[in-house]
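Q: Could we go through this structure together, starting with how it is divided up and then turning to where the parts touch?

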Amino acid sequence: MKIRFANKFKGIAGVVTIALVLSLLLAGCGTEKTGGSNEAKPAATDAGDTIKVGILHSLSGTMAISEVSVKDAEMMAIEEINASGGLLGKKIEPIIEDGASDWPKFAEKAKKLLQNDQVATVFGCWTSASRKAVLPVFEANNGLLWYPVQYEGMEASPNIFYTGAAPNQQIVPAVEWLLENKGKKFFLLGSDYVFPRTANKIIKAQLKAMGGELIAEEYTPLGHTDYSTIINKIKATKPDVVFNTLNGDSNVAFFKQLKDAGITSQDLTTLSVSVAEEEIRGIGAENMKGHLVSWNYYQTTDTPENKEFVKKYKEKYGADRVTDDPIEAAYIQVHLWAEAVKKAGSTDVDKVREAAKGLEYKAPEGLVKIEGENQHLWKPVRIGEVQEDGLIKEIWSTKEAVKPDPYLKSYAWAKDLSN
Amino acid sequence: MLEIVAKIKEYFLKRNAVISIIFVLLCLAPLFLSDFRINLLGKFVAFAILALGIDLIWGYTGILSLGHGVFFGLGAYCMAMYLKLESSAGKVPDFMSWSGLEVMPWFWKPFASAPFALTMAILIPVLLAMIIGYLTFKNRIRGVYFTILTQALSIIFVVLFIGQQAYTGGTNGITNFKTILGFSLSDPATKLSLYYIAVLLLLAAYVFCKLIIDRRIGRVLVAIRDGENRIRFSGYNPTVYKVFVYAISAGLAGLAGAVYVPQVGIISPAEMGIIPSIEMVSWVAIGGRGTLTGAIIGAVLVNSLKSVVSESFPDIWSYFIGITFIVIVIFMPSGLVGIYQQIKKVWRNSLLLKRKEAAMKH
Amino acid sequence: METYVLQIFNGISVSSILMLAALGLAIIFGLMKIINMAHGELIMIGAYVTFVTQNIFMSYVDKDYFDIYFIFALLAAFVITAFVGYLLEITIIRHLYGRPLDSLLATWGVSLVLQQLARSIFGAPNVDVKSPTWLDGGILIWGDLQLPYKRLFIMLLVALCICGVYYFLYKTTTGRRIRAVMQNRTMAKSLGINTRKVDAMTFAIGSGLAGIAGCALTLLGSIGPTLGTNYIIDTFMVVVLGGVGTIIGTVAGAGIIGLGNTTFEFLTDASLGKVLVFSVVILFLQWKPQGFFTIKSRALDE
């Protein structure tokens with residue numbers, strides 16, 4: 001009886017699958033035709049009554065924890081522009097793609113956005129790895145990518161605008177400040193991937209030049225969950241400062257376990273460069289209270305633009321959501337692009353790039369400017385301390401925006417780093 | 001003359017109808033699809049080569065390896081090393097200088113030659129599989145234990161490749177290639193040629209696998225799957241056969257990797273991990289294990305489905321993939337090809353029945 | 001000196017965490033021969049149950065009693081995850097008995113769906129679970145050698161779980177039935193045991209233990225949709241190394257991997273430590289393909 005039932009079920013399931021496959025194939029062919037027909041003319045984006053833009057972030061997989069909020073911020077900016085009449089008289093139509101925390105998938109989706117959808121520009125990526133993966137695609141297709149996250153520098157592609165911090169706008173000033181205020185002995189802790197390794201290379205050169213001392217350099221695999229051994233090493237070596245470049249999830253484990261080991265921010269200074277308000281929500285403010293971070297923007301940053309921005313964001317996505325540096329950078333990069341398009345009077349990539357150079361914008365973090373030479377942003381640098389409520393209080397900042405220097409050319413000690 | 005035509009007709013239309021149709025469709029695809037889709041399809045064709053290898057070891061021999069991502073990755077890295085060296089024109093590749101390496105490591109140097117890289121793309125996976133296979137199969141590690149052991153293997157490789165950033169590019173992997181054998185990779189003509197080369201290699205791989213399974217060795221493999229001890233008692237040494245098929249399968253995975261890289265333009269350690277390895281097995285499971293056609297159909301169809309669904313529903317596509325997967329594994333263990341065969345059987349039976357009835361009436 | 005003592009404690013602590021995460025898997029895998037790739041997601045469900053319990057206590061219960069939420073969360077995590085496991089068994093797993101490799105593939109599909117479900121319900125970013133104040137801090141042994149209460153609590157919890165499982169499987173009628181079914185299904189059936197019921201229950205209990213692990217892990221790590229993926233492979237290694245179907249094997253496997261991991265990590269670095277531990281496991285299996293402890297059987301083909 002049971003066997004017969006199973007067989008019957010098999011038949012039904014079979015029919016269903018075949019129907020499913022057929023309909024999908026048909027759907028696939030359907031999209032094919034539309035994709036194929038405008039294949040012949042590139043830069044056809046000015047035609048039609050909407051301007052298509054791509055949004056390319058990880059909506060699934062391990063990176064989704066960070067990237068979903070960034071996507072939300074970009075969507076909000078697009079809605080704002082559409083609500084105020086659109087761009088060049090047209091509405092912006094976002095096409096969202098999921099990079100799924102997988103670098104080749106990012107390359108595939110970037111190709112799709114540029115070749116099939118003919119988007120005017122793409123806002124996207126979070127990890128350096130995903131940016132490196134899509135870079136050749138953007139260069140080969142002469143596309144335009146806006147990248148909203150602080151990164152390790154050593155790059156300046158004409159097809160990318162970098163709206164997060166370059167090393168000299170986050171890491172270098174933070175190390176300088178720590179050497180001046182907190183001590184000379186540094187313990188470098190990072191996840192095992194490119195950003196921490198390159199950042200630490202910069203820090204080591206800087207420590208050497210400025211009289212700091214390197215106690216240890218430790219890397220843990222992505223997704224590492226137990227930091228008791230690392231914490232034990234920290235205890236044994238007694239550094240003045242732990243410079244933390246851990247990624248995402250690992251920060252939660254590290255700070256929870258650091259507190260359990262009886263080490264608070266009074267006993268040990270840590271400064272993190274990948275922990276912002278959004279991450280603090282996951283770590284728990286009580287576990288991170290008093291620890292330091294370095295960014296260009298905090299939710300508490302005191303500008304009229306920021307008050308407006310925070311209010312809008314909370315209204316749209318819920319009062320319990322927070323804004324942070326990458327979210328703000330994602331938000332302003334959409335507006336920066338829109339301003340450049342207005343100035344150029346076209347969405348053509350070459351024209352927009354020319355128009356964007358030197359463009360100024362009153363951002364929530366303060367006045368920012370696109371540096372023409374390397375397509376990074378002039379940004380103010382802020383060191384902050386995590387408060388009890390999970391927000392960050394600024395304790396030091398540069399007087400004005402710092403010029404971006406991705407290759408650290410203006411620092412004598414860094415001349416061997418960039419080759 | 002007519003006889004030969006009839007024979008050819010019989011061979012292609014009757015005995016190998018499905019696979020012939022597949023190859024004809026693959027060859028004609030560039031007429032209907034945009035450049036972007038052809039590029040995607042080329043990637044899926046590379047996956048199909050790999051799926052053939054997995055089918056040999058899992059579908060036919062009953063050994064589930066979740067470490068095929070490693071072999072795929074090794075093949076891909078060999079090819080990527082060649083492409084990287086060509087595009088950096090004699091200089092030290094960019095990621096090495098970021099990582100503080102001033103001189104090219106010795107083992108990178110020979111990869112400047114394309115034939116060497118291609119040979120290594122197949123040879124290294126084969127050798128690795130032979131060593132691991134010999135040890136584990138000789139010690140009679142079987143079934144689930146072998147599967148989990150291969151998972152450990154794939155973790156080891158991922159962590160090693162990520163950790164050795166100066167030599168492997170770390171998590172970023174190796175990317176930003178410009179040319180292959182002097183032809184620009186962004187040129188549509190190059191892309192089309194790469195696609196046809198991939199289809200051709202798939203055909204070669206198919207014929208190669210077909211040769212293996214149609215011979216006595218193929219029957220021994222199936223016998224190992226269905227009753228390893230009986231094979232042993234009949235005087236065969238299953239270890240030799242298992243090592244052989246594991247090595248072949250690894251070689252095909254390596255070849256697939258080498259075909260994949262120039263079309264996709266990046267290889268990173270993540271592709272060697274456990275999740276991609278499970279996905280690779282899923283293609284074969286959905287297409288139909290134990291049939292070479294099933295492996296090819298599975299690889300192409302599952303990946304097309306994934307692309308289409310993830311484009312239409314970027315937020316929730318995992319649901320579709322997950323549920324399809326559960327349904328197929330549970331209710332259709334022999335995959336899509338199994339359903340096709342079932343329908344054919346039912347149809348034939350009803351045809352026979354009708355004929356019988358007609359005969360009865362007379 | 002302190003460093004080394006603490007390091008040994010850390011090793012034991014990591015072992016206990018692995019043990020807790022692997023116990024449910026050992027039951028499901030060891031007794032039912034189901035390779036449950038969704039085990040990590042069951043752990044994740046346990047963690048989210050803790051999160052929800054905490055929120056309920058925050059909004060409806062007096063502040064003074066907030067700290068006891070964790071006890072309720074442990075129970076709720078067990079019950080709810082067991083129920084999810086039960087649902088999984090009666091809908092999906094029951095079709096997979098006798099097909100261990102297929103079970104791996106189907107449960108992987110389940111894990112994809114559960115991850116996405118968590119993302120749809122709770123959002124993609126990590127959530128925060130405040131640990132109860134009575135678990136803050138630690139015992140000061142001497143100098144600044146401090147053993148965190150949370151880690152001690154987890155050790156205690158593991159000991160309780162292991163004793164509970166042992167008692168259940170070996171001392172109760174139901175447990176005896178479970179073992180009977182797993183050792184010889186046909187014989188058990190002909191003796192009148194309702195094998196369907198036993199299967200469903202075993203899977204539910206294994207899942208429930210994953211829920212407890214999830215609840216305990218909120219004390220130490222992140223709580224997000226992909227929480228389970230960090231633990232799944234390590235727990236499989238534990239079960240395979242220890243030997244399938246014995247609780248003592250799981251304890252031994254977790255002990256070796258936990259201590260090995262922390263020791264290698266202490267001597268080299270975290271990445272290399274991981275590579276070394278897994279290499280050792282692979283080599284060890286060459287020597288003892290069935291793991292440390294095995295149930296003796298005269299059957300040739302299993």
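Q: Before we start, what are we looking at?
A: This is a predicted model, in which local features need pLDDT of at least 70 and side-chain atom pairs count only at pLDDT 80 or more, while totals for chains, interfaces and linings use all residues. Residues are numbered from 1 along each chain as its sequence is written, and chains are lettered from A and ligands numbered from 1 in the order in which they are written.

Q: Ok, which domains does chain A have?
A: Domain 1 of chain A covers 45-165 + 303-378 and domain 2 covers 168-296 + 382-414, with bounds that come from an automatic or database domain assignment.

Q: How many residues of domain 1 of chain A are in contact with domain 2 of chain A?
A: In domain 1 of chain A, 29 residues are in contact with 22 residues of domain 2 of chain A, where contact means that the C-beta atoms, placed from the backbone, lie within 7 Å.

Q: And which element gives the largest share of that domain 1 side?
A: Strand S12 (366-370) of chain A does, with 4 residues; strands (E, at least two residues) and helices (H or I, at least four) are DSSP runs numbered from the N terminus.

Q: Switching topic, how many residues of chain B are in contact with chain A?
A: There, 45 residues of chain B are in contact with 44 residues of chain A.

Q: Which helix gives the most on the chain B side?
A: H13(B) gives the most, with 6 residues, and the elements giving two or more also include helix H3 (35-60) and helix H15 (335-361) of chain B.

Terms used:
Two residues are in contact if their C-beta atoms, placed from the backbone, lie within 7 Å.
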